Amino acid sequence: MKQQMRASAYHLKPAEIKKLILATGNFRDRCIVKTLFWLGLRRKELCGLDIRDLDFDRKRVTVRGKGEKTRIVPIIDDEFMSDLKHLIGSRRDGPVFLSNQGEPVSLRLVNHIIEKIGERANIDNPHPGRRHLSPHLFRHSVARFLKSKGFSAEWIQNFLGHESYKTTMDMYGTISIDEMQEMAERKLGE
């Protein structure tokens, strides 16, 4: 049986993102949440992010993405950029995100961090087939947020590092389940 809605149709609203940021247990985890959202990174991209990839002067980040592809992503939130600067401090190279043991954060640790923050914030995955929040949900959320702010599908394609425009349109060119519900409430409430 074909799934009715794609996973990309489910996302977190900006108010939920703020609530998750407030529920983080420490500054590193707050920066992880903000990085997943504001840069639209995949979990592996976040774990591989190196301090040398950050260009604060030009407000850009080099992301080593899926399939060994590299893309440049603008830093579009000044508070987030300030947090990243504070997180790395005087370090000049190495992983941006370190575990409590000083090692690069692992994929599994990132999953655990996001799951625990979701529990603390009492926010469930909006996808009915999934219980816990996942790092990839932030990628869908920022794409939907940018779409709602009028960013073009081409801009979002480049931002997310999709090879094909069709991928971006298939995932974010349609309205989300939240948008469908809001539209129905508006029209039926008239």
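Biologist: Which side chain does E119 meet in a salt bridge?

Modeller: Side chains of opposite charge can pair when their charged atoms come close. For E119 the partner is K116, at 3.3 Å from N to O (the cut-off is a Lys or Arg side-chain nitrogen within 4 Å of an Asp or Glu carboxyl oxygen). A caution before we go on: this is a predicted model, where local features need pLDDT of at least 70 and side-chain atom pairs pLDDT 80 or more, while totals for chains, interfaces and linings use all residues. Numbering runs from 1 along each chain as its sequence is written, and side-chain values use heavy atoms, without hydrogens or water.

Biologist: Which residues are linked with K34 in a network of salt bridges?

Modeller: E79 and D83. K34 pairs with E79 at 2.8 Å between the closest N and O atoms, joining helix α2 to helix α4 across 45 residues. K34 also meets D83, at 2.5 Å from N to O, and that pair spans 49 residues, again from α2 to α4. In all, the structure holds 10 salt bridges.

Biologist: Is K34 buried or exposed?

Modeller: Buried, with a relative accessible area of 5%. D83 is buried as well, whereas E79 is exposed at 52%.

Biologist: How many residues are in the largest nonpolar core?

Modeller: It has 46 (buried Ala, Val, Leu, Ile, Met, Phe, Trp, Tyr and Cys joined through side-chain atoms within 4.5 Å). F97 and F138 have the most contacts inside this core. Elements that each supply at least two of its residues include α1 (14-22), α2, β2 (60-64), α5 (107-121) and α6. Beyond its neighbours within four places in sequence, F138 is in contact with L12, I17, L20, V33, L36, F37 and I114 (contact means heavy atoms within 4.5 Å).

Biologist: At what angle do the axes of α2 and α6 cross?

Modeller: Roughly 50 degrees, with the axes of α2 (27-38) and α6 (136-148) coming within 7 Å (lines fitted to C-alpha atoms over the stretch in contact, with angles from 0 to 180 degrees between N-to-C directions). On the α2 side, V33, L36, F37 and W38 make the contact; F138, R139, S141, V142 and F145 make it from α6.

Key: Helix = DSSP H or I, 4+ residues; strand = E, 2+ residues; numbered from the N terminus. Buried < 20%, exposed > 50% of the residue type's maximum accessible area, 1.4 Å probe, protein only.
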